[in-house]
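Student: I would like to go through the terms used for this structure and see what each one rests on.

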Amino acid sequence: MTALAERSPAETLRDKAERVGELIDPLRTAPAAAEVAAAREERRRAYARLEDAVLDLSHALPQGTEDYDARKLFEYLVALRRALEADTDLRDERGEVELLTLQLQDVVRRIGRRLLHDELDDPRAAADFVFRGLASVGATALARLLGVSTKTIGAWRAGRPVTRNGERVVVVAQLVSYLRASLTPLGIVMWFAAPRDQLGGRTPLELLARDVASAREPLVALARGARGQLAS
């Protein structure tokens, strides 16, 4: 895996999305300030930081403010501002503030997943993602996952171009992106090697070896199920 001095544009964009997510949670609960006036001011500043982060993210997205998820962020942000202004006693008795922050978090997570998957469409980025996510896994197991030799794994880790099995590398990286939420690196390796009833008793590795293109859809559905996420 190459050691880059600077973060890629895709990584920087995902950082912006993560920053928005970090700034949402503080608005779900009333500020800790003892006086109501001070608490309101604290919450106002927290909202302003969130608004700035949303603007920064939306302008950095390829489609800018025309992006569907960016528009949803603005929609929920405006509603959240109104709910905060109406919640003068900071009690959120109707639960509107909490609901809107949850909706904002959901959109941010969706953006984060989309950005990651867009980045993983590049075989070089996909290979690096697999190496990072499965850092504790040996070269032999990685070679089996990606369908190449251990020598090729060594070359890719050293930063050489990914010119073989690019489609398979991309699919494996996308599967790892789903599985890492619920499985350890060793568990992910075992997942690929285990026969599945949903696959007619075959293993994910067998499907990948037979035809990567046709294997993608059933394997993604299976991986999403493993992490408790509905397919979209």
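Predicted model: local features only at pLDDT ≥ 70, side-chain atom pairs only at ≥ 80, totals over all residues.

Tutor: Residues are numbered from 1 along each chain as its sequence is written, and side-chain values use heavy atoms, leaving out hydrogens and water.

Student: Why is tryptophan 191 called buried?

Tutor: Buried means under 20% relative accessible area (exposed is over 50%, partly exposed in between; 1.4 Å probe, protein chains only). Tryptophan 191 has 4%, so it is buried. Phenylalanine 192, with 0%, is buried too.

Student: What makes the rings of tryptophan 191 and phenylalanine 192 a pair, and of which kind?

Tutor: Rings of Phe, Tyr and Trp (its six-membered ring) pair if their centres lie within 6.5 Å; planes under 30 degrees apart are stacked, over 60 edge-to-face, and the rest tilted. Here the centres are 5.0 Å apart and the planes at 85°, so the pair is edge-to-face. The count by this rule is one aromatic pair.

Student: How do you know that the buried residues of H7 line one face?

Tutor: Helices are DSSP runs (H or I, at least four residues). In H7, Thr152, Ile153 and Trp156 are buried. The arc is taken from the directions from the helix axis to the C-beta atoms. For the buried residues of H7 that arc is 105°, so they line one face of the helix.

Student: What covers the buried residues of H7?

Tutor: The cover, by contact (heavy atoms within 4.5 Å), includes H5, H6 and H8.

Terms used. Helix = DSSP H or I, 4+ residues; strand = E, 2+ residues; numbered from the N terminus.
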